[in-house]
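Please read the numbered points alongside the sequence and the model.

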Amino acid sequence: MPTTHGHDQAARHDPVYDHLHASDEFAALRKAYRGFVLPATVAFLSWYLLYVLMSNYATDFMAIQVVGNINVALVFGLLQFATTFLIAWLYSRYSNKHLDPGARALDQRYRAERAEVR
């Protein structure tokens, strides 16, 4: 019998988990997850790399004063924070709509199949 370590999580060798892992529903859930996470990660890392490259190689542009002592570099830096929060908010919405229902269904299926095994 697999160990649960104090919670109801499947052990890696659990045949019920292996069965669910091989299911089309699990593959669809994984595809939906990757469909958001990979492009968002590439976009954010590209945006961050642009900031770093501009700070190193376009110092004249980054030094342009926007308002008072606020320059383009500071605006870019603050936009990094805004982008982080925006991606987190978008992921939360995406997850609630596209990932959570499938994950809940797989969890219910796991619990039902696990109960049958016991």
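Predicted model: local features only at pLDDT ≥ 70, side-chain atom pairs only at ≥ 80, totals over all residues.

1. Glu-113 touches Val-16, His-19 and Leu-20, leaving aside residues up to four places away in sequence; a contact here means heavy atoms within 4.5 Å. Glu-113 is found in helix H4. With a relative accessible area of 18%, Glu-113 is buried, a class defined as under 20% relative accessible area, with exposed set at over 50% and partly exposed in between (1.4 Å probe, protein chains only).

2. Residues are numbered from 1 along each chain as its sequence is written, and side-chain values use heavy atoms, with hydrogens and water left out.

3. The chain has four helices and two strands, where helices (H or I, at least four residues) and strands (E, at least two) are DSSP runs numbered from the N terminus. Their order from the N terminus is α-α-α-β-β-α. Among contacts in the chain with a separation of 6 or more, 60% are between residues 24 or more positions apart.

4. The structure holds six aromatic pairs, a pair being rings of Phe, Tyr and Trp (its six-membered ring) whose centres lie within 6.5 Å; planes under 30 degrees apart count as stacked, over 60 as edge-to-face and the rest as tilted. The pair of Trp-47 and Phe-76 is tilted, because the ring centres are 5.4 Å apart and the planes stand at 35°. Trp-47 lies in helix H2 (residues 24-57) and Phe-76 in helix H4, so this pair ties together parts 29 residues apart in sequence. Phe-76 counts as buried, at 14% relative accessibility. Ring pairs also link Trp-47, Tyr-48, Tyr-51, Phe-61 and Phe-76 into a cluster.

5. Which residues make the nonpolar surface patch of about 840 Å²? They are Val-66, Val-67, Ile-70, Leu-74, Val-75, Leu-78, Leu-79, Phe-81 and Phe-85. Patches consist of residues with over 30% relative accessible area and no salt bridge, like charges being joined within 9 Å and nonpolar side chains (Val, Leu, Ile, Met, Phe, Trp, Tyr) within 5 Å; a salt bridge is a side-chain nitrogen of Lys or Arg within 4 Å of a carboxyl oxygen of Asp or Glu. Areas come from the Shrake-Rupley method with a 1.4 Å probe, and for residues only the protein chains shown count as cover. Helix H4 gives the most to the patch, with six residues. Val-66, in strand S1, is partly exposed at 48% relative accessible area.
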